[in-house]
Amino acid sequence: MIDSLGWYVAFPEILLLVMACVIALVDLGVKTPMRGATHLLTMLTLAVLAVFLGFYASSGATVVAFGGMVVSDPMGNWLKCFATIALMATLVYGRQYASQRDMLRGGELFTLSLFALLGMYVMISGHNFLVLYLGLELLTLSSYALVALRRDDLKATEAAMKYFVLGALASGFLLYGLSMVYGATGSLGLPEVMRAIAGGEATLKGSQQVLILGLVFVVSGLAFKLGAVPFHMWVPDVYEGAPTVVALLVGGATKLAAFAIVIRLLVEGLMPLAFDWQQMLAVLAVLSLLVGNLAAIAQTNLKRMLAFSTISHMGFLLLGLLAGVVQGDSGNAANAYGSSMFYIVTYVLTTLGTFGVILVLSRSGFESDNIADLAGLNQRSPLYAGVMAICMFSLAGVPPLVGFYAKLAVLQALLASSQPVYIGLAVFAVVMSLIGAFYYLRVVKVMYFDAPTQTAAIEAGFDARSLLSVNGALVLVLGIVPGGLMTLCAQAIASLMA
Amino acid sequence: MGLLSLAIWTPILFGVLLLAFGRDDQAPMVRWIALVGALIGLAVTVPLYTGFEIGSAAMQFVEKSIWIERFNIHYHLGVDGISLWLILLTAFITVIVVISSWEAITTRVNQYMGAFLILSGLMIGVFSAQDGMLFYVFFEATLIPMYLIIGIWGGKNKIYAAFKFFLYTLLGSLLMLVALIYLYTQAGGSFDLATWYTLRLGGTAQTLLFFAFFAAFAVKVPMWPVHTWLPDVHVEAPTGGSAVLAAIMLKLGAYGFLRFSMPILPDASREWAWLMITLSLVAVIYVGLVAMVQKDMKKLVAYSSVAHMGFVTLGFFLFSDLGMAGGIVQMVAHGFVSAAMFLSIGVLYDRVHSREIADYGGVVNTMPNFTAFALLFVMANSGLPGTAGFVGEWMVILAAVKANFWIGMAAATALILGASYSLWMFKRVYLGPVGNSNVKALLDINAREFLVMALLAFMVLYMGIYPKPFTDVMDASVAELLRHVAISKLP
């Protein structure tokens with residue numbers, strides 16, 4: 001590790017910031033209804049960033065810069081790379097949708113998305129409580145505005161209000177918790193906090209209680225951002241109310257950043273308190289699996305169902321995170337957190353596919369967000385039905401689709417601990433995923449077994465159509481050869497733990 | 001690429017091609033491509049038999065390469081005397097199903113044929129996997145095509161049946177997944193079956209694992225009392241789906257007992273053998289009686305499948321070479337016979353669109369050729385000497401009598417019950433005067449149906465008259481398995 005004022009470490013963030021401003025300016029001159037130039041420039045920027053980050057990540061170097069404020073490591077760079085690609089896919093799928101809903105009258109969709117991505121970048125590479133918090137705020141403020149982008153739409157405005165109020169509360173929780181930890185340890189940098197706690201300095205001052213109380217607030221704030229029960233109330237409303245393209249941004253790329261901040265705060269900063277936060281995560285995980293899966297069964301709105309399914313998947317993700325430290329031994333940690341990273345990456349990939357299909361099927365004045373709207377899709381378009389079915393089976397965790405290996409990795413991390421409690425959790429998780437299988441199967445049933453109710457032709461651009469095919473194929477291909485991505489995640493986390 | 005890989009991936013490749021490029025208006029071409037795919041799939045399995053070294057218990061045609069490095073999962077295939085005939089059976093039944101669905105399926109033919117071809121490759125994968133996770137992936141993946149086959153081309157109540165099939169079997173296999181991962185950690189990070197066979201496991205762990213595997217395999221077999229999904233699913237599934245389900249998918253469960261439960265958990269297997277034997281006998285006798293009162297032909301054959309599979313599990317858990325070989329022979333025989341039974345019902349259903357026994361009567365008057373075949377299959381189903389159905393049942397009964405007279409006695413009643421429900425159904429459907437105008441209007445089987453029936457009839461008779469090729473290959477493997485089961489794995 002080299003501690004330096006290395007500007008090049010923050011090169012992606014700087015480039016993104018500059019380009020976001022440039023695109024906002026360029027957009028002033030764009031008059032076409034589809035915002036062709038803005039779109040093209042955005043895609044170009046994102047593509048360059050993705051390639052750059054991919055190269056950067058595969059070099060495997062870890063560099064801390066700006067006086068310990070930011071870090072550039074393989075995990076962060078891979079997550080940034082994936083988030084960039086996820087945003088590209090989101091915009092490709094959602095462009096037509098947005099233009100049909102009057103969301104492209106200005107270029108805000110693009111610029112705000114870029115600023116949201118910048119927030120994610122900062123969140124992912126922050127190495128200091130304040131930097132992490134700033135990144136989070138940049139992301140969430142952009143997201144609130146994006147949700148409210150259709151300001152004449154009642155549902156979207158309501159969703160934006162809910163999101164804003166609850167999100168602000170959560171940020172407050174997080175900040176409050178962080179300040180307590182700061183008070184107990186006397187520093188904001190992640191390694192310093194870790195050293196202070198591990199070295200017993202914090203406890204010597206008799207501030208153990210403050211530390212734990214702060215931890216409770218931190219975990220609550222993170223649970224809000226992840227959407228884990230009982231901090232999940234905003235998720236279904238935002239998914240349902242927000243324009244689908246924004247819902248995909250909130251439920252897709254953002255989740256990668258949320259995962260990163262959890263790892264940064266809990267693992268890199270508060271690892272010595274693992275015994276405490278693992279218990280909290282266990283409660284969150286069990287509740288999320290239970291509530292998410294059971295509530296999803298009752299939904300008739302597809303986006304709402306996917307929201308509850310997200311909640312249950314966050315439960316599964318947390319299961320991976322809580323298996324890291326077993327009785328003070330962190331030998332299983334890299335394995336466990338690696339499994340969670342694999343889980344979140346594949347989850348985002350699958351989510352892109354499902355929302356992509358919803359976006360493609362929507363027309364002006366028709367949202368296509370009820371499960372019944374998919375009726376007979378196989379007869380209307382075998383391609384879209386196939387992509388959706390692959391994604392649904394993957395979310396249900398049926399091999400040979402990638403979702404299965406995500407579940408396998410997490411279950412393996414749980415069982416590797418050899419703790420009866422964790423084995424019990426694993427059994428609970430598989431029983432819950434059986435319940436989950438029911439509502440995913442129902443979507444497949446509607447698409448394949450029911451007769452079509454819609455007859456309108458599905459019009460989708462060539463780019464969205466081909467990207468969606470690639471997306472579906474990737475869910476399948478990564479299911480047949482998941483080894484590469486698994487190793488990538490494991491190595492990224494391992495270099496973080498080293 | 002080895003022979004086993006070819007056997008797995010050829011049908012899958014053809015299936016994927018049909019799914020990707022087939023269109024509804026090209027149905028005739030789709031059918032021919034599907035047939036070619038199935039025939040090539042069958043052709044590549046033939047060298048497995050001709051090149052099989054009889055008398056060796058070792059895995060043959062082994063292919064092994066790393067698949068998922070992170071979890072030390074290998075793409076590890078192999079075949080021994082236990083799985084050889086099941087693989088051949090799978091490829092054979094696939095050809096039969098493709099031919100028999102030629103005219104019956106008219107909508108979305110490419111998806112139908114594609115699903116069957118993919119299913120075929122996946123099932124061969126299950127029978128040849130030598131790595132626990134590879135097995136699980138193939139085992140579970142079969143659910144997807146079958147779910148779609150039942151749901152899209154099934155009968156009136158198809159949606160209920162498709163969900164019942166999927167969720168029922170998924171519950172069992174998810175528990176097995178936990179068991180597999182547990183074994184993986186106990187074995188120090190290996191999914192290799194051969195490693196698991198040497199693993200020492202405590203009594204409680206063995207019992208828990210045994211029931212986790214039991215949940216997966218007993219549901220699949222299906223054993224009483226978790227058999228209730230089978231009649232519902234069979235009734236609603238299209239003919240081809242029923243045939244594949246009965247002929248091969250049920251064997252996945254029984255095969256699992258042989259590959260996992262018994263050699264990995266010998267102590268628990270012996271300890272709980274009484275339970276397995278009891279459940280098997282209940283299946284044989286009680287479900288046999290249930291079959292007798294069915295009004296729906298497909299339901300009757302479905303219940304008779306449960307009874308016949310009871311023989312298979314009974315044979316396995318007697319722990320004698322005769323019983324175990326008998327169980328395996330019975331698996332293969334039931335594959336031919338049950339497929340033939342369901343396809344016969346399909347022939348009638350295509351014409352009259354009813355499965356009710358009461359809607360028929362005197363079919364022999366209008367369809368003499370077909371009735372001749374049907375009689376042979378019914379006889380085989382009731383275990384008549386000289387047909388495939390006899391060999392396995394006889395071996396199992398003999399082994400049961402050796403183990404305990406009363407078990408043998410109870411098992412032997414199945415011959416009476418089997419004859420009763422099969423022949424009584426035959427009498428009501430085929431014999432007597434012409435029952436109604438529908439039956440009067442029946443046309444005898446055409447050349448295509450004749451071919452299907454003749455192929456199955458040949459196999460049923462061949463296996464009944466000269467079972468040596470079937471039993472010879474499995475002797476060494478059965479002896480090896482029994483040797484494994486005899487060694488205690490308690491630490």
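How many helices and strands make up the secondary structure of chain B? In this predicted model, chain B has 22 helices and 2 strands. Its radius of gyration is 21 Å, close to the 23 Å that the globule rule gives for 491 residues, so chain B is as compact as a globular protein of that length. The C-alpha trace of chain B spans about 70 × 55 × 40 Å along its principal axes.

Of the 491 residues in chain B, 61% are buried. Contacts in chain B between residues at least 6 apart in sequence join residues at least 24 apart in 81% of cases.

Helix 3 of chain B covers residues 81-100. At 1.5 Å a residue, its 20 residues should span 28 Å, and because the end C-alpha atoms are 29 Å apart, the model agrees with that expectation. This helix is mostly covered, with 20 of its 20 residues buried.

Chain B also touches chain A. The contact takes 25 residues from chain A and 29 residues from chain B.

By class, the side of chain A that touches chain B has 19 nonpolar, 5 polar and 1 charged residues.

Key:
Residues numbered from 1 in each chain as written. Chains lettered and ligands numbered in written order. Predicted model: local features only at pLDDT ≥ 70, side-chain atom pairs only at ≥ 80, totals over all residues. Helix = DSSP H or I, 4+ residues; strand = E, 2+ residues; numbered from the N terminus. Expected span 1.5 Å × (residues − 1). Buried ≥ 20, exposed ≤ 12 C-beta atoms within 10 Å, placed from the backbone. Rg over C-alpha atoms; globule rule 2.2 N^0.38 Å. Contact = placed C-beta atoms within 7 Å. Nonpolar A, V, L, I, M, F, W, Y, C, P; charged D, E, K, R; others polar.
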